[in-house]
Amino acid sequence: MIRIENLVKNFGAKRAVDGVSFAVERGEVLGFLGPNGAGKSTTMRMITGFMPPSSGRVTVGGHDVAESPLEAKRLIGYLPESAASYSDMTVRGFLNFAAELRGLRGAARRQALGRVVELCFLQSVLRQSIDTLSKGYRQRTCLAQALIHDPEVLVMDEPTEGLDPNQKHEVRNLIRELGSKKAIVFSTHILEEVDAACTRAIIIDRGRIVANGTPDELRNLSELAGAVTLSAHGASEEKLSGLGRVENLNGAFRVYPRDKAKVSELAQAVVELVAREGWKVEGMYSERGELDEVFRRITLPDTAR
Amino acid sequence: MRIIWTIVKRELGAYFTSPVAYVFLVIFLLLTGFFTFTAGNFFERGEASLAAFFGWHPWLYLVLVPAVGMRVWAEERRSGTIELLLTMPVATWQAIVAKFLASWLFLALALALTFPAIVTVNVLGDPDNGVIAAGYLGSFLLSGAYLAVSCMTSAMTRNQVVAFILAVVVCLFLILAGFNPVTDLMVRWASPAVVDTIAAFSVVTHFDGFQRGVIDSRDLLFFLSVIGFALFATGVIIRGHRSG
């Protein structure tokens, strides 16, 4: 549904997005990760047709966003950064306005309104003016606006920013649910969200894609992936070091695999060693790797620019 | 067309859900009353016309119209809703025209509420109502020209105060270019052709005809082209922001 080829955006001398290419099909939820200022918002603004790219092409549902913007925009629902909405309007007024701009009239509009109000739990605030809403309701109102025409493509810029943990959970569930029928791109810098909602994730840094894969594939990039942590009575670092590099963590030992491709063998070997030595095991885990670590290793912090 | 109407409705609604509209209407009506009857010597003139009323409009609008127009784009940019609006299936020109029309309709409403002036002059004497109608048309076009300029300056910045000041400066130029004390000064050092050319850019020159009851196609064309040009420039400015 979304196809991006060699997208470049320059702001004066600064290159905000530098040769980004990817595609998102129906049924995919793509998480867009990256430090602040990495070019996430700029890329999304180019997908939604708000900004023209300096070079490269974006097509949505086969329509080139630069050449036939209206056709492309009809297919897209967009939740802008910090859920910008007309704060002087009531929730109902705002959603009606969005519906009318999307060409929904009469019964179709009422039906669409009913659907998104239910989906985003807005029933209790319909008559309230948007500037009196809490951050969570405001975010959901803006999300409802993006969903009003049941778009095939959904683009969301930090949809869970500023929400409390319960609200975050709800929004992630909603994204995952919607993802089965739509092509979804959303940006975040909360790494758990990748696990909670995405089928695929892209990490972008200084305008370039530095990693692209399923959450598990990304996690496997982590040094930690496949390591075995063992806490056992009688265990010695010396014996374990025969299996791989060992790290001592306050009484527990972490063994890193020598070869990432043979991680299952490492766990097996540790179990055998424990049995042979007769150590009394208190705990043993196989590490999945941490997205945090991958993220930190492949992106530069803001301060390093 | 429907898209434009949808945006016009929203914009008009936005005026009336905040106190801005009411404050503006009250101040506008108080000032027109003051200028017409006190400063304009309406009664001492002893003539059944609204010359005292319309004569002040270029100056009155100078302050009041930018106050209406300053928020049009600056507020959208400040709050980020411009991103929402322009990623809807709406062409930029539709959004520009719709926002302009909504504010212009609001100014038309303010102008319409001055109807007691017409009643007064008709009760007291026997005015030429055709001249009054032409005056109203001219005043409406004048407010449209100022408003289009205000929309343009509003698109330049996300700060409404800056938009307001810029609009006042540009509109002041549009007045002064044909304002008699200024043209009298210019005659001393410039040839009459130059002075006339400069004065031709002035709203005062073109508003004069309407006040006398003459609807000249050149004056119509002048106001409409100021509006057209300013809105076109608004489009260029907005496109400039979007391409970064």
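Reply: Helix H2 (residues 20-39) of chain B and helix H5 (residues 57-69) of chain B have axes that come within 11 Å and cross at roughly 175°. Axes are lines fitted to C-alpha atoms, for helices over the stretch in contact, and angles run from 0 to 180 degrees between N-to-C directions. Helices (H or I, at least four residues) and strands (E, at least two) are DSSP runs, numbered from the N terminus. This is a predicted model, in which local features need pLDDT of at least 70 and side-chain atom pairs count only at pLDDT 80 or more, while totals for chains, interfaces and linings use all residues. Residues are numbered from 1 along each chain as its sequence is written, and chains are lettered from A and ligands numbered from 1 in the order in which they are written.

Me: How are H2(B) and H5(B) oriented to each other, parallel or antiparallel?

Reply: H2(B) and H5(B) are roughly antiparallel, a term for angles over 145 degrees.

Me: Which residues meet there?

Reply: From H2(B), B:Phe24, B:Phe28, B:Leu31, B:Thr32 and B:Phe35 meet B:Leu60, B:Leu64, B:Ala67 and B:Val68 of H5(B). Contact requires C-beta atoms, placed from the backbone, within 7 Å. These residues divide into 8 nonpolar, 1 polar and no charged. Ala, Val, Leu, Ile, Met, Phe, Trp, Tyr, Cys and Pro count as nonpolar, Asp, Glu, Lys and Arg as charged, and the others, Gly among them, as polar.

Me: What about secondary structure in chain B as a whole?

Reply: Chain B has 15 helices and 0 strands.

Me: Changing topic, how many residues of chain B are in contact with chain A?

Reply: In chain B, 20 residues are in contact with 23 residues of chain A. Helix H1 (2-17), helix H7 (81-86) and helix H15 (217-243) of chain B each give two or more residues to that side. H1(B) gives the most, with 5 residues. By class, the side of chain B that touches chain A has 8 nonpolar, 9 polar and 3 charged residues.

Me: And A:Ala144, buried or exposed?

Reply: A:Ala144 is buried, with 26 other C-beta atoms within 10 Å; the cut-off for buried is 20 or more. A:Ala144 lies in helix H5 (residues 135-147) of chain A.

Me: Which residues is A:Ala144 in contact with, beyond its neighbours within four places in sequence?

Reply: Those neighbours aside, A:Ala144 is in contact with A:Leu95, A:Val116, A:Val117, A:Cys120 and A:Leu122.

Technical notes. Parallel < 35°, antiparallel > 145°, perpendicular 65-115°, else oblique. Contact = placed C-beta atoms within 7 Å. Buried ≥ 20, exposed ≤ 12 C-beta atoms within 10 Å, placed from the backbone.
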